[in-house]
Amino acid sequence: GRRPRVLSGIQPTADSFHLGNYLGALRHWVALQDTHDAFYCVVDLHALTLEWVPEQLRARTRIAAAQLLAIGLDPSRCTLFIQSHVPEHTELAWIFGCLTGYGEASRMTQFKDKASRSEHVGVGLFTYPILQAADIALYHADLVPVGEDQRQHLELTRNLTQRFNARFGPTFTVPEPYIVGETRKIADLQHPTAKMSKSLPEAGTLYLLDEPRRLAKKIRSAVTDSGTEIRADEVNKPGITNLLRIFSALTGRDIAQLEDDYAGKGYGTFKSDLADVVVEFVVPIQERVRRYLDDPDTLDAVLTEGADRARAVAAETMETVRDRVGF
Ligand code: ADP
Ligand code: NA
């Protein structure tokens with residue numbers, strides 16, 4: 001039969017993805033290309049939910065796409081596109097918004113969290129999960145890779161697709177959550193009990209596009225405990241444990257093996273080897289990103305083709321939807 005369809009998106013809200021994004025999400029996107037019918041989008045409409053600068057957004061969207069290609073997304077094995085290139089997303093979001101209860105939308109906890117941290121809170125931040133539901137439903141995605149933090153939004157998508165189907169006739173696939181790999185987050189290097197995030201100071205965040213020297217410095221300065229043993233111990237040694245996890249994920253060597261290999265060696269040697277591993281990992285990615293950014297025609301062609309493929313599916317869905325709702 002046909003491969004299950006997955007859909008996933010990432011916001012172009014930073015100048016670079018970080019290693020947490022890669023290990024927690026993007027490396028799974030790469031793997032899913034060969035087992036699933038994968039649709040991936042850079043969700044620039046979502047990036048308008050917090051304050052933005054137009055030229056910066058435009059640049060970040062291209063850098064995001066270039067990084068996705070550079071880490072191994074292959075347009076011949078997946079559909080990669082920019083959300084705003086497919087206007088059907090906003091049309092379906094409007095219709096879904098009219099089917100969403102105000103109370104139902106108000107229960108989304110991520111809104112409260114993000115709103116409390118922002119000065120300007122737009123209605124778009126409030127209705128964001130409805131746009132996310134449209135992103136997924138438009139493509140009849142069977143599966144959506146989600147972390148714990150997105151579970152509630154996927155539940156809204158399930159409710160909206162079921163509600164639409166019940167009211168207007170079977171139209172949408174009701175998606176299932178898909179938990180990919182390790183669900184534990186990569187931690188910030190300066191605050192090893194917090195997740196690595198672009199919203200934390202940059203000294204603790206390993207960006208894929210950081211200069212190699214900068215990455216090495218961040219790793220050397222990573223916060224560890226006052227002991228000397230390279231050993232995974234989440235409670236007493238969160239810093240070293242996080243570094244072991246990164247080392248293991250990037251080399252495929254398991255943590256027990258690394259503990260053996262580094263028995264009797266100090267944090268300095270371990271950090272220096274990890275810096276080499278990280279730099280070796282990012283250098284070819286950075287080279288490929290540079291090549292895409294230096295050749296805008298090729299990048300445009302890839303994104304135009306992705307948008308065409310996405311739009312063919314989205315337009316067909318909307319043809320049915322428009323008829324069902326009475327347009
Ligand atoms: P950030 O926290 O830097 O704002 P996003 O929230 O934009 O990152 O996350 C984009 C994707 O990367 C999501 O799928 C998210 O689960 C994953 N992700 C983000 N930070 C981490 C992390 N520290 N460890 C693992 N996965 C992460
Ligand atoms: Na975030």
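This is a predicted model: local features need pLDDT of at least 70, side-chain atom pairs count only at pLDDT 80 or more; totals for chains, interfaces and linings use all residues.
User: Why is glycine 147 called partly exposed?
Analyst: Glycine 147 has a relative accessible area of 25%. That value lies between the 20% and 50% limits, so glycine 147 is partly exposed. Glycine 147 sits in the loop between β4 (143-145) and α7 (151-168), where helices are DSSP runs of H or I with at least four residues and strands are E runs with at least two, numbered from the N terminus.

User: What makes serine 226 exposed or buried?
Analyst: Its relative accessible area is 79%. That is over 50%, so serine 226 counts as exposed. You will find serine 226 in the loop between α8 and α9 (238-251).

User: And why is aspartate 135 called buried?
Analyst: Aspartate 135 has 3% relative accessibility, which is under 20%, so the word applies. This aspartate belongs to helix α6 (residues 123-138). In UniProt, an unreviewed entry lists Asp135 under "binding site"; such annotations may be inferred rather than shown by experiment, and positions are given in the numbering used here, with feature names shortened.

User: How do you know what the side chain of aspartate 135 makes a polar contact with?
Analyst: The partner is the side chain of histidine 46, at 2.8 Å. A polar contact is a pair of N or O atoms within 3.5 Å; within protein, one must be able to donate a hydrogen and the other to accept it, and residues adjacent in sequence count only if both atoms are side-chain atoms. At 2.8 Å the pair meets the distance limit. Aspartate 135 is also in contact (heavy atoms within 4.5 Å) with residues beyond four places in sequence, among them Leu7, Val43 and His89.

User: Why does threonine 171 count as buried?
Analyst: Its relative accessibility is 14%, and that is under 20%. Threonine 171 lies in the loop between α7 and β5. Its side chain makes a polar contact with the side chain of arginine 324 at 2.7 Å, and reaches the backbone oxygen of glycine 169 at 2.7 Å. Proline 170, found in the loop between α7 and β5, is exposed because its 73% relative accessible area is over 50%.

User: Which residues are around ligand 1?
Analyst: The list includes Ile10, His18, Asn21, Lys185 and Ser197; a residue is near a molecule if one of its heavy atoms lies within 4 Å of it. Helix α1 (residues 19-32) gives the largest share of the shell, four residues.

User: How do you know which atoms of ligand 1 lie 2.7 Å from isoleucine 186?
Analyst: A nitrogen atom of ligand 1 is 2.7 Å from a backbone N or O atom of isoleucine 186, which is within 3.5 Å and therefore a polar contact. A nitrogen atom of ligand 1 also lies 2.9 Å from a backbone N or O atom of methionine 196, and an oxygen atom of the ligand is 3.0 Å from a side-chain N or O atom of lysine 195. The protein covers 78% of the 540 Å² of accessible area that ligand 1 has on its own, by the Shrake-Rupley method with a 1.4 Å probe.

Note on methods. Residues are numbered from 1 along each chain as its sequence is written. Chains are lettered from A and ligands numbered from 1 in the order in which they are written. Side-chain values use heavy atoms; hydrogens and water are left out. Buried means under 20% relative accessible area, exposed over 50%, partly exposed in between (1.4 Å probe, protein chains only).
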